[in-house]
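Open the model in a viewer and keep the selection panel at hand.

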Amino acid sequence: MTEMIPLETIRAAQERLEKLVHKTPLERNHTFSTISEREVYLKLENLQRTGSFKVRGASNCIMTLSEEQKAKGIIAASAGNHAQGVALGSRMAHCKSTVVMPEGAPLAKAEATKGYGAEVVLYGKTFDESLAKAQEIQKETGAYFVHPYDDPAVIAGQGTIGLEILEQNPYIESIVVPVGGGGLLAGIAAAVKQVNPKVKVYGVQTEQAPAMYLSKKENKWVTHGVGKTIADGIAVGIPGKLTWKLINQYVDDMLLVNEEDICAAMLLMLERGKMVVEGAGAAPLAALLHHIVPGSDRAAAVISGGNIDVNTISQIIERGLVRTGRRVKMVTWMVDRPGELLKFVSYLEEMKINILYINHDRADRSVPLGVTRVELDVETRNAQHAKEVADTLRKAGYKIEMR
């Protein structure tokens with residue numbers, strides 16, 4: 001059988017990229033191994049140049065172009081990370097680049113792309129609309145279109161990650177990879193399966209953008225609408241056709257994770273891993289932490305990128321704290337007389353509860369005369385602690401609602 005992306009092509013990309021990209025760490029994480037009940041290693045592409053794996057595929061593609069092709073410039077479409085890879089790769093090759101990004105692309109990614117020297121065009125609500133616009137510009141200008149995933153040279157560049165993982169730890173038994181259009185998964189799977197077919201390769205998508213998951217399950221190329229997701233890097237409704245063929249040939253299974261699990265994984269990476277990881281990069285870890293990945297073998301999670309807007313980080317922290325029961329909204333009612341609120345707060349003090357917000361409302365029409373409604377935001381250790389607090393207050397005679 002003739003390979004669509006031969007191993008020699010991926011090895012050539014690895015040699016080509018040797019002085020341009022970092023050989024990122026593959027680190028075992030004790031905390032995540034304990035939670036996942038298997039050995040978990042993190043392939044830290046968030047520490048890559050431009051903060052994402054995308055620089056590998058984009059640069060490899062640009063480096064294979066002729067001088068005549070480069071002279072006409074480079075055009076690309078991206079939700080953010082491919083944009084930076086194209087911008088850096090183009091700058092290193094001394095050619096002009098233009099990148100079309102969705103209007104809602106994270107500000108940090110758009111600014112970073114400009115910083116690497118590319119012209120940024122904001123167009124469309126989704127990546128797929130940006131992609132169509134970029135293809136339109138390509139026809140008008142004759143610039144070379146560097147596809148974010150459905151290009152053999154791009155796929156080969158991403159496949160160098162698979163080679164690195166096997167070189168860094170030959171005992172890895174499964175590799176878990178985030179999937180949008182499929183370039184990263186297709187490249188890694190093609191590389192790994194041609195070197196060691198026994199290694200399992202799994203792709204992970206968010207439930208909000210399951211096109212490649214459905215394609216694998218239905219055994220045919222499928223497109224699907226994209227919902228609102230924190231994992232903007234894999235929010236792709238039209239997967240690649242070449243990537244789909246490779247994934248269908250090499251990948252063992254496709255998996256889905258939900259938004260809350262991705263947020264929880266991002267928060268854990270901040271707290272336990274001491275690293276900032278974007279939603280797409282956290283998807284494989286979310287699948288491992290929530291036991292969605294089959295088996296209990298030695299697994300590598302590809303942390304694909306760390307480019308995330310600071311404002312989004314604060315939202316992730318808030319959502320993660322709420323989800324894990326460490327930040328709770330509490331509502332109660334008490335007699336409206338001096339000392340009652342102080343008495344209630346004393347219970348919280350005894351249980352080591354930190355009050356973040358408190359509102360004392362006696363004017364609410366739904367509250368009987370002589371009674372006041374008290375709403376609080378409090379910090380607890382975890383969901384179990386929050387339940388213990390509520391139970392203690394109820395035993396003390398308070399009606400408590402936890403939200």
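Start with the second largest pocket, which holds about 250 Å³ of space. A pocket here is an open set of points on a 1 Å grid over the protein atoms alone, with protein on both sides within 12 Å along at least five of seven lines; a lining residue has an atom within 4 Å of a point. Grid points are joined across faces, edges and corners, and a volume is the space filled by probe spheres set on the points. Select Ile35, Ala264, Leu268, Thr324 and Arg326, the closest to the pocket centre of the 14 residues that line it. Helix α12 supplies the largest share of this lining, five residues. Helices (H or I, at least four residues) and strands (E, at least two) are DSSP runs, numbered from the N terminus. By class, the lining has six nonpolar, three polar and five charged residues. Ala, Val, Leu, Ile, Met, Phe, Trp, Tyr, Cys and Pro count as nonpolar, Asp, Glu, Lys and Arg as charged, and the others, Gly among them, as polar.

The model is predicted: local features need pLDDT of at least 70 and side-chain atom pairs count only at pLDDT 80 or more, while totals for chains, interfaces and linings use all residues. Residues are numbered from 1 along each chain as its sequence is written, and side-chain values use heavy atoms, with hydrogens and water left out.

Next, colour by domain: domain 1 (5-51 + 149-317), domain 2 (73-141) and domain 3 (324-400). These bounds come from an automatic or database domain assignment. Between which domains does the second largest pocket lie? Domain 1 and domain 3 both give residues to its lining, so the pocket lies between those two. Their C-alpha centres are 43 Å apart.

Move to the largest pocket, with about 650 Å³ of space. Of its 24 lining residues, Gly104, Pro106, Lys228, Thr229 and Asp232 lie nearest the centre. The largest share of the lining, four residues, is from α14. The classes are 10 nonpolar, seven polar and seven charged. Domain 1 and domain 2 each contribute at least three residues to this lining.

The structure holds two cavities of 30 Å³ or more; a cavity is a set of grid points where a 1.4 Å probe fits but cannot get out. The largest cavity has a volume of about 300 Å³. Select Phe53, Lys54, Gly181, Gly233 and Ile234, which are the closest to its centre among 27 lining residues. Elements giving two or more residues to this lining are α5 (81-92) and α9. The lining divides into 12 nonpolar, 11 polar and four charged residues. Domain 1 and domain 2 both give residues to it, so this cavity lies between them.

The second largest cavity has a volume of about 40 Å³. Select Met266, Leu270, Val276, Val277, Ile308, Ile313 and Ile316 to see its lining. Two or more of these residues come from each of α12 (259-271) and α14 (310-323). The lining has seven nonpolar, no polar and no charged residues.

For the packing, select Ile165, Ile175, Leu185 and Ile188. Of the 36 residues in the largest nonpolar core, these four touch the most other members. Such a core is a set of buried Ala, Val, Leu, Ile, Met, Phe, Trp, Tyr and Cys residues joined through side-chain atoms within 4.5 Å. Elements that each supply at least two residues are α1 (7-17), α8 (152-168), β7 (174-178), α9 (183-195), α11 (241-250) and β10 (299-303). Helix α9 gives the most, eight residues. Another core, of 35 residues, lies apart from this one and includes Tyr202, Ala265, Met275 and Ala286.

Select helix α13 (residues 279-289). How many of its residues are buried, that is, under 20% relative accessible area with a 1.4 Å probe, protein chains only? The count is 11 of the 11, so α13 is largely enclosed by the rest of the structure. After α13 comes His291, whose phi is positive, near 55 degrees.

Finish at His385 in helix α16 (residues 383-395). His385 is buried, with a relative accessible area of 5%. Beyond residues up to four places away in sequence, His385 touches Met351, Ile353 and Thr380, contact meaning heavy atoms within 4.5 Å.

Technical notes. Buried means under 20% relative accessible area, exposed over 50%, partly exposed in between (1.4 Å probe, protein chains only).
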